[in-house]
Amino acid sequence: MGVVHKEILDKRNRKNLIHLNEKVKCSMLAAGKANQAAIMSGTGITMRTIDREQQFDRLVGLIYESVQDIGQLVPAMALMCNEIGALAGHYIHMDVASREVFSSLISDPAFSAGDAEYRNYYSSIDERLQWVATGAIGEWRTDYERFDERSVRRSEIYNDFLFKYGVRHLIVGRIGGEALENEGLSFLRPLGAKHYDAQDLQFLERTTGHLVRSSVLRRRLRGLERQQQADQTLLKYLPYGTVWVDAACRVVSFNNVAADILAGADGICVKAQRLCMADSGADGMLAAAVRQATGGEGRRGQWFAARREREAPPLVVSVIPAQAEQQAELVDGSAPLALVILQDMNRQRLPRSAVLRKMFALTPAEARLAEALLDNETIESYAQKADVSRNTVRTHMASLFSKTGTRRQAELLRILMMAEPPIHS
């Protein structure tokens, strides 16, 4: 019935994503101004040839393409390896505190097994990560300046992992992140190779600005995508019925609760794609309120109570005008919309735990933890009160993150708090 409601929900984030994509394109164009020659498609020629600047332009293009497709860092790292004499390049995005790896890429497919080993185990015991996390964004560091041969001989990460794959000297750069969350690139040379020299470092520093900027854009894109997902989930399960209509009361979209109310056709329904009230007086009030909310000037919201035939309590109807920024983000960019909110006072209220379980498909144990967090409990205090281990609570917490599409406790609490109003059954 009309445009699927997801299209309306996506308007603002789609506009933000388009704006971000334009920024990426502008960055790529600006980076390429140094050399307007055609960008080569192969990767076999190093930048120390006559085509050095063309290859560098190609590298910069790949770096910015990685904002939307992280896989483009694979050929980018391959180009960088060719330039500095590295055997492999490794990209990692992780939370150093929890050792959770969000993304990991290796430049050479021959080391794919090693990449999997690192993600699954060695990232959890890599003593170098805290050292990397203390570096400034854009700073390149070599491991042999921090870890001497005595440290290397005692290190599991070197002896059982790196040496097994024939690599040794590492140079690493922290290219982005916040707090202990990091994006980094590292390059490894084969056993017996010389240390990285000043020319290698000069080349890496030339790429640094592009790598850091791409990381900033990538982080913004991830934030927009998470916000988009959260907004869609929250509006889908809003505790009231919501219906978007145009100035003529034609229905554009509605959420699940509104679908239930409209299906009952008690006091309100949809006829010929138009939202109608069964009572003629209420229908006139609805039409007037929508005209007021979608008018050119003096737009304001109104509410009224509509009588129903089969149910004693009336239906409370609120009509709200779209905000200016919402108006500019309409799917067709033309006629204004109004948001009609339906409050069915006769629908049975569910307790908070049932609301959370219904919204996010939580288990009873996960719902109890969610309620405890909303009541300002800590993991430790909840574990003690519930007589469960902290490891069990952390397992439930990880499941809450997964089911709500969040990564941090502050994000999780925001989503849970938005879900607190009772949903009607």
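Helix H3, residues 52–65, packs against helix H4, residues 73–84, at an angle of about 145°, with the axes 8 Å apart. Helices here are DSSP runs of H or I with at least four residues, and strands are E runs of at least two, numbered from the N terminus. The axes are lines fitted to C-alpha atoms, for helices over the stretch in contact, and the angles run from 0 to 180 degrees between N-to-C directions.

This is a predicted model, in which local features need pLDDT of at least 70 and side-chain atom pairs count only at pLDDT 80 or more, while totals for chains, interfaces and linings use all residues. Residues are numbered from 1 along each chain as its sequence is written, and side-chain values use heavy atoms, with hydrogens and water left out.

H3 passes H4 in a left-handed crossing, meaning that the near helix is turned anticlockwise from the far one by less than a right angle; clockwise would be right-handed. Which residues of H3 and H4 meet? From H3 they are Arg52, Gln55, Arg58, Leu59, Leu62 and Ile63, and from H4 they are Pro75, Ala76, Leu79, Met80 and Glu83, where contact means heavy atoms within 4.5 Å. By class, this contact has seven nonpolar, one polar and three charged residues. Nonpolar covers Ala, Val, Leu, Ile, Met, Phe, Trp, Tyr, Cys and Pro; charged covers Asp, Glu, Lys and Arg; the others, Gly among them, are polar.

I turn now to a second pair. The axes of H13 and helix H14, residues 364–374, come within 9 Å and cross at roughly 120°. That makes H13 oblique to H14; angles under 35 degrees count as roughly parallel, over 145 as roughly antiparallel, 65 to 115 as roughly perpendicular and the rest as oblique. The crossing of H13 past H14 is right-handed. Arg352, Ser353, Leu356 and Arg357 in H13 meet Pro364, Ala367, Ala370, Glu371 and Leu374 in H14. This contact comprises five nonpolar, one polar and three charged residues.

Within H13, residues 352–360, the buried residues are Val355, Leu356, Met359 and Phe360, buried being under 20% relative accessible area, exposed over 50% and partly exposed in between, with a 1.4 Å probe and protein chains only. H13 is followed by Ala361, whose phi is positive, near 55°.

Finally, the whole chain: it contains 17 helices and twelve strands, and buried residues make up 46% of its 425 residues.
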